[in-house]
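Thanks for coming, everyone. Please look at the sequence and the model on the screen. I will walk through a few places in turn.

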Amino acid sequence: MRGRRHRFFLHSTAAFALALSSAAGAQAQQADTPAEIVITATRHPERAIDTPMSVTVVDGKVLKSTDTHDFAQLARLVPGLSFTDSGPGNKRYALRGLQSAGEPEVALYYDEIPVSGIPGGSLDTGDSQPDIALFDIDRVEVLRGPQGTLYGNGAMGGAIRIISKRPDLDQIASAAELSAGVTRNGDPSLRAYGLINLPVVRDKLAIRLTLYREHDGGW
C-alpha cells in the first residue's frame, strides 16, 4: 500500500493604520499578561475572562513552544476538542462529542473567513473540513456550545477561530522553518514554512505573506 500527501497554502494580509492605533496598542499591552488576554470571539475585542461563553485560547507562543503545527496536536491542548481523520484534508471536528453526518457541527474560521469542506457524492461536508497548518498564528480561539447567532449554520457544537498575525507596519521581517523525516521502508517526508513582512507605506500599509508546503512520504 502506498499513501502520499501534498499540501500547499498561500496567505496574504494587508493592514492599514487606524486613528485608534493608540487604543489597539493599549490592548496589545494588556494581552501580555495571562489574565488580560484580549480575544474577539464575540466579534469585538474584550478580555477572555469577561467573555460570556466557554472559550479556550491557545496563543502563538504556546503553539510554538509545544511545536504545534496541525489540529492533531492542537486537540491535545484544548479540552473537549476531538476530530475524526478520514485522510489528508478530510477531518470532522467535534466539541463535547457532538457530531453527525451531513453539515459540520463545528464552524472553522481563518480570521473572519469561514472555511468549509467540499461536498462529495454523499454531500457530507462535515467530513471534509481542511487541516490548516498552524504557522505564523497569533492565537486559536475555541468556542464551545452553540454559536449559530454569531457564526451561522454549521456551528451547533461550537466554533474554531484561527487568528493570523497582523502585518507589522514598521519593520521588514522574515522567518522560516524546515523539518524532514524518513519512514522505514517508505519515502522521505518534508515540511517547509516561511513568512515575509513588507511595509509598503510606513505606519499605514504593510503586506504579510505566509507560505507552507508539506509532503508526507508513502510506505
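**A walk through the model**

Let's start at aspartate 67, which counts as partly exposed because its relative accessibility is 46%, between the 20% and 50% limits. Keep in mind that this is a predicted model. Aspartate 67 sits in the loop between helix H2, residues 60–65, and helix H3, residues 71–74. Its phi is positive, about 55°, although aspartate 67 is not a glycine. Most residues other than glycine have a negative phi.

Where is aspartate 136 found? It is in the loop between E8 and E9. Aspartate 136 also has a positive phi of about 55°, and it is not a glycine either. Is aspartate 136 buried or exposed? Aspartate 136 counts as buried, because its relative accessibility is 9% and the limit is 20%.

Let me step back to the whole chain. The protein chain has 4 helices and 13 strands. It runs to 219 residues, and 40% of them are buried. The chain exposes about 12100 Å². Carbon and sulfur atoms supply 58% of that area. Take the contacts between residues at least 6 apart in sequence: 60% of them join residues at least 24 apart.

Next, the sheet. What is the strand order in the open sheet of 5 strands? The order is E4-E9-E10-E7-E8, and the pairing is mixed. Strand E4, residues 54–59, and strand E8, residues 113–114, are the edge strands. Each of these two pairs on one side only. Strands of a sheet pair through backbone hydrogen bonds. E4 pairs with strand E9, residues 137–144, in the antiparallel sense, over 6 bridges. On that strand E9, leucine 143 stands opposite valine 55.

Move along to glycine 157. It lies in the loop between helix H4, residues 148–151, and strand E10, residues 158–164. Glycine 157 is buried, because its relative accessible area is 4%, under the 20% limit.

Strand E10 brings us to arginine 161. Is arginine 161 buried or exposed? At 0% relative accessibility, arginine 161 counts as buried. What does its side chain make polar contacts with? One partner is the side chain of threonine 40, at 3.0 Å. Another is the side chain of glutamate 112, at 2.7 Å. Leaving out residues up to four places away in sequence, arginine 161 also touches others, including Tyr109, Asp111, Arg139 and Leu143.

Last, the aromatic rings. How many aromatic pairs does a search of the whole structure find? It finds 4. One of them is phenylalanine 71 with tyrosine 93. That pair is tilted, with 4.7 Å centre to centre and 40° between the planes. Phenylalanine 71 is in helix H3, tyrosine 93 is in strand E6, residues 91–95, and the two are 22 residues apart. Both are buried.

Tyrosine 193 and tyrosine 212 form another tilted pair, at 6.0 Å centre to centre and 40° between the planes. Tyrosine 193 is in strand E12, residues 189–201, and tyrosine 212 is in strand E13, residues 205–216. Tyrosine 193 counts as buried at 6% relative accessibility. Tyrosine 212 is buried too, with a relative accessible area of 5%. With Phe135, Tyr193 and Tyr212 form one aromatic cluster.

How values were computed
Residues numbered from 1 in each chain as written. Predicted model: local features only at pLDDT ≥ 70, side-chain atom pairs only at ≥ 80, totals over all residues. Heavy atoms only, no water. Pairing = 2+ DSSP bridges. Buried < 20%, exposed > 50% of the residue type's maximum accessible area, 1.4 Å probe, protein only. Contact = heavy atoms within 4.5 Å. Areas by Shrake-Rupley, 256 points an atom, 1.4 Å probe, with all protein chains shown as cover. Polar contact = N/O pair within 3.5 Å; in protein donor to acceptor, adjacent residues only side chain to side chain. Phe/Tyr/Trp six-rings, centres within 6.5 Å; stacked < 30°, edge-to-face > 60°.
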